[in-house]
Amino acid sequence: HYEACVAAPSVAEPPAAPQEPHAEEGGEQAAEAGGEETEAEPEVAEDPEIAEIRAELAAVEEEIAQAAAGLSPWARHEQRAVIRALRIYRYELKPSFFARAEAQLPDVPPQDVAILARLLVDQEARLGRKRVLLARWRSRREELEQEEAERFMQLDAEEAARHQDCVVREAQRRAEVRKRIRAWREQRAQEEQAMAVMAQCMQEEQARRVEIRRKKEQALRKQILKAYQAEKGAEAEKAAEAQTADEARSSPASSAASPAASPEAKRRARQRSADALRSRPVNGELRRDFGPSGAAAGSASLLARQRRREG
């Protein structure tokens with residue numbers, strides 16, 4: 001056990017990579033014999049407690065190395081025998097211990113056995129101090145690792161909270177955009193509906209004006225037709241009277257012998273002329289039927305004035 005502790009790599013010097021040193025297990029030295037040991041500079045500041053433990057370990061290991069050099073005069077079997085006796089008596093220098101050690105080493109003087117026992121007890125005390133420091137180092141390393149893990153967990157939680165906030169803000173932004181788009185569509189639909197109602201009103205107003213104009217033109221055409229019919233009736237009556245007068249002048253004897261035309265015959269002649277006028281087509285031939293007469297010209301000018309007023 002003592003040889004394994006002495007041959008264990010030192011923890012007083014910072015390793016190249018963070019790993020737990022094995023002080024109580026046997027192994028090769030970290031550096032080659034005669035080679036220079038190089039310390040890796042830590043990228044971050046070292047913990048103060050770890051630095052303190054490392055300094056204490058360096059001092060204890062130096063003492064252990066010096067004490068190991070002081071044990072070199074005694075043979076290994078002598079050291080083992082004394083260590084076995086010390087373990088039996090729990091490293092207490094009692095008379096019974098010295099009696100057992102002297103019995104196991106009869107060739108060694110009692111004074112040398114006492115000196116070797118004292119040196120081994122002191123060396124075991126130094127090794128105990130080293131084990132305590134190593135336990136403190138492990139405990140502190142675990143605390144630092146736990147703190148580092150908690151710090152990373154806190155960072156992860158903060159990152160998750162920031163991500164959640166970003167998600168919430170993005171959702172709110174999208175909802176606001178959808179709300180604006182919906183409001184714009186509703187406003188656009190209302191405007192289109194208002195424009196459609198306005199266009200329908202304008203169409204109805206235009207149709208009403210066209211209907212009024214059509215009725216006025218129809219009424220005006222009726223007036224013109226009545227005036228034309230009256231004019232033609234008067235002309236037919238005059239023509240009938242002139243014809244009657246001509247017949248009377250051309251045949252005085254027959255006129256004297258035959259009585260004058262009765263009023264009933266004149267009424268029937270006017271009725272035939274009016275029926276002939278009603279049966280004639282008016283649209284498309286009205287202006288041609290009017291001819292150069294004054295009544296037709298007056299009716300046409302009256303229709304033109306009426307259209308200009310409506311325009």
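Which two side chains meet in a salt bridge at 3.3 Å, N to O? They are those of Glu192 and Arg188. The model is a predicted one, and the points below move from the overall architecture to individual side chains.

**Overall architecture**

- The protein contains nine helices and zero strands.
- Along the sequence, the elements accordingly read α-α-α-α-α-α-α-α-α.
- Of the 311 residues in the protein, 18% are buried.
- The accessible surface amounts to about 22700 Å², and carbon and sulfur atoms account for 53% of that surface.
- When contacts between residues at least 6 apart in sequence are considered, 74% of them join residues at least 24 apart.

**Helix α3**

- Helix α3 spans residues 76-88, a run of 13 residues.
- The distance from the first C-alpha of α3 to its last is 18 Å, close to the 18 Å expected at 1.5 Å a residue.
- The buried residues of this helix are Glu78, Gln79, Ala81, Val82, Ile83, Ala85 and Leu86.
- Arg90 follows α3 and has a positive phi, near 55°.

- An α-helix has 3.6 residues a turn, so residues three or four places apart point the same way.
- Glu192 and Arg188 are both in helix α5 and lie four residues apart, about one turn of the helix.
- Glu192 is partly exposed at 43% relative accessibility, and Arg188 is partly exposed with a relative accessible area of 39%.
- Arg180 and Glu176 also form a salt bridge through their side chains, at 3.6 Å from N to O.
- Arg180 is exposed, its relative accessible area being 57%, whereas Glu176 is partly exposed at 37% relative accessibility.
- Lys232 is joined to Glu235 by a salt bridge in which the closest N and O atoms are 3.8 Å apart.
- Lys232 and Glu235 both belong to helix α5, with a spacing of three residues, about one turn of the helix.
- Lys232 is partly exposed at 22% relative accessibility, and Glu235 is partly exposed with a relative accessible area of 38%.

**A salt-bridge network**

- Salt bridges also link Asp47, Glu49, Arg140 and Glu143 in a network.

- Gln123 is located in helix α5.
- The relative accessible area of Gln123 is 0%, which means that the residue is classed as buried.
- The side chain of Gln123 reaches the backbone oxygen of Ile64 at a distance of 3.2 Å.
- The side chain of Gln123 also makes a polar contact of 3.1 Å with the side chain of Arg126.

- Ala117 counts as buried, with a relative accessibility of 0%.
- Once its neighbours within four places in sequence are set aside, Ala117 is in contact with Val82, Leu86, Leu93, Phe97 and Phe98.
- Among these partners, Val82 and Leu86 are also listed with the buried residues of α3.
- The C-alpha atoms of Ala117 and Gln79 are separated by 8.5 Å, although the two residues are 38 apart along the chain.
- Gln79 is itself one of the buried residues of α3.

**Cysteines and disulfides**

- A disulfide is a covalent bond between the sulfur atoms of two cysteines.
- How many disulfides does a search of the whole structure find? The search finds zero.
- Cys166 is partly exposed at 40% relative accessibility.
- Cys201 is partly exposed at 44% relative accessibility.

Conventions. Residues are numbered from 1 along each chain as its sequence is written. This is a predicted model: local features need pLDDT of at least 70, side-chain atom pairs count only at pLDDT 80 or more; totals for chains, interfaces and linings use all residues. Side-chain values use heavy atoms; hydrogens and water are left out. Helices (H or I, at least four residues) and strands (E, at least two) are DSSP runs, numbered from the N terminus. Buried means under 20% relative accessible area, exposed over 50%, partly exposed in between (1.4 Å probe, protein chains only). Contact means heavy atoms within 4.5 Å. Accessible areas come from the Shrake-Rupley method with a 1.4 Å probe; for residues, only the protein chains shown count as cover. The expected span of a helix is 1.5 Å times one less than its number of residues. A salt bridge is a side-chain nitrogen of Lys or Arg within 4 Å of a carboxyl oxygen of Asp or Glu. A polar contact is a pair of N or O atoms within 3.5 Å; within protein, one must be able to donate a hydrogen and the other to accept it, and residues adjacent in sequence count only if both atoms are side-chain atoms. A disulfide is a pair of cysteine sulfur atoms within 2.5 Å.
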